[in-house]
Amino acid sequence: MISDLDIRAACVRISGKGGKQRLCPLWPATVAEIAKLIGGRSTTEPVFQNRLGQPITRFGIHTMVERHAAKLLTRFPALATKRVSPHTIRHTTATHLLRAGVDINTIRGWLGHVSLDTTNIYAEIDFEMKAKALAKCAPASDAKPPKRWRDQPGLMDFLRAL
C-alpha cells in the first residue's frame, strides 16, 4: 500500500511471510520514480497496479520479468538458456551484495530471513570471490625471505654481549 512508503525517509515497510515486517531503504532515484507513480493517489491504494487497477500479483510480476528478459534476448543471446524469474533477481542481488563486501548478517536482514542458514544458500562462494580472497593474502613478489637469526652478525654480536 502507498501508506507503507515513507518518501521523506526514503524507505518502505515490507510485509513478508508469516506477517514479518521490516523496513528497507530506497535509493533516491527509486524514491523519485515512486513519487511520480503514486502522485495524487490515496494512501489506501496499492503502489503497483495491473492494467485493471488491481494490486499486481506475484504471478503478474513473474510475467513482467519473463517479458523483459525475452526482450533482452537480441542483446544477450545467452539468456535463451537461462531461467529468469523474480527469485533469480533476488539471488543475484544477494550475491552482488556479498561481492561488494556487505556482511552476511546484513544480507540476511535485507532478504528477511530469520536464520543465517537460509541466507548461506545465497552466499555460495564463486570462483571470482575465491580469486579475490587469494589475491588479498598473496605474498609480495619482490619480498625477500627473512634472514635466519644466525646469519645476522649484528644480532649475534648483541647476543654474545649479554
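Q: Why are helices H3 and H4 called roughly antiparallel?
A: In this predicted model, H3 (residues 86-99) and H4 (residues 104-111) pack at an angle of about 155°. Angles over 145 degrees count as roughly antiparallel, so H3 is roughly antiparallel to H4. Their axes are 10 Å apart.

Q: What is the handedness of the crossing where H3 passes H4?
A: That crossing is right-handed.

Q: Which residues make the contact between H3 and H4?
A: H3 puts in Arg90, Thr93, Ala94, Leu97 and Leu98, while H4 answers with Ile104, Ile107, Trp110 and Leu111. For a pair to count as touching, heavy atoms have to be within 4.5 Å.

Q: How do the residues of that contact divide into nonpolar, polar and charged?
A: Seven are nonpolar, one is polar and one is charged. Arg counts as charged, so Arg90 from the H3 side is the charged one.

Q: Why is Ser85 called buried?
A: Buried means under 20% relative accessible area. Ser85 comes in at 4%, so it counts as buried.

Q: Where does Ser85 lie, and what is it in contact with?
A: Ser85 lies in the loop between helix H2 (58-71) and H3. Leaving aside neighbours within four places in sequence, Ser85 is in contact with His62 and Val65.

Q: Why does Ala10 count as partly exposed?
A: The band for partly exposed sits between the 20% limit for buried and the 50% limit for exposed. Ala10 has 22% relative accessibility, so it counts as partly exposed. You'll find Ala10 in the loop between strand E1 (5-6) and strand E2 (11-15).

Q: What makes the phi of Ala10 worth a look?
A: Most residues other than glycine have a negative phi. Ala10 isn't glycine, yet its phi is near 55°, a positive value.

Q: How many helices and strands are there in the protein, and how do they run from the N terminus on?
A: There are seven helices and three strands. From the N terminus on, the elements run β-β-β-α-α-α-α-α-α-α.

Q: What share of the contacts with a separation of 6 or more comes from residues 24 or more positions apart?
A: Those residues account for 34% of such contacts in the protein.

Definitions and conventions
Residues are numbered from 1 along each chain as its sequence is written. This is a predicted model: local features need pLDDT of at least 70, side-chain atom pairs count only at pLDDT 80 or more; totals for chains, interfaces and linings use all residues. Side-chain values use heavy atoms; hydrogens and water are left out. Axes are lines fitted to C-alpha atoms, for helices over the stretch in contact, and angles run from 0 to 180 degrees between N-to-C directions. Helices (H or I, at least four residues) and strands (E, at least two) are DSSP runs, numbered from the N terminus. Angles under 35 degrees count as roughly parallel, over 145 as roughly antiparallel, 65 to 115 as roughly perpendicular and the rest as oblique. A crossing is left-handed if the near helix is turned anticlockwise from the far one by less than a right angle, and right-handed if clockwise. Buried means under 20% relative accessible area, exposed over 50%, partly exposed in between (1.4 Å probe, protein chains only).
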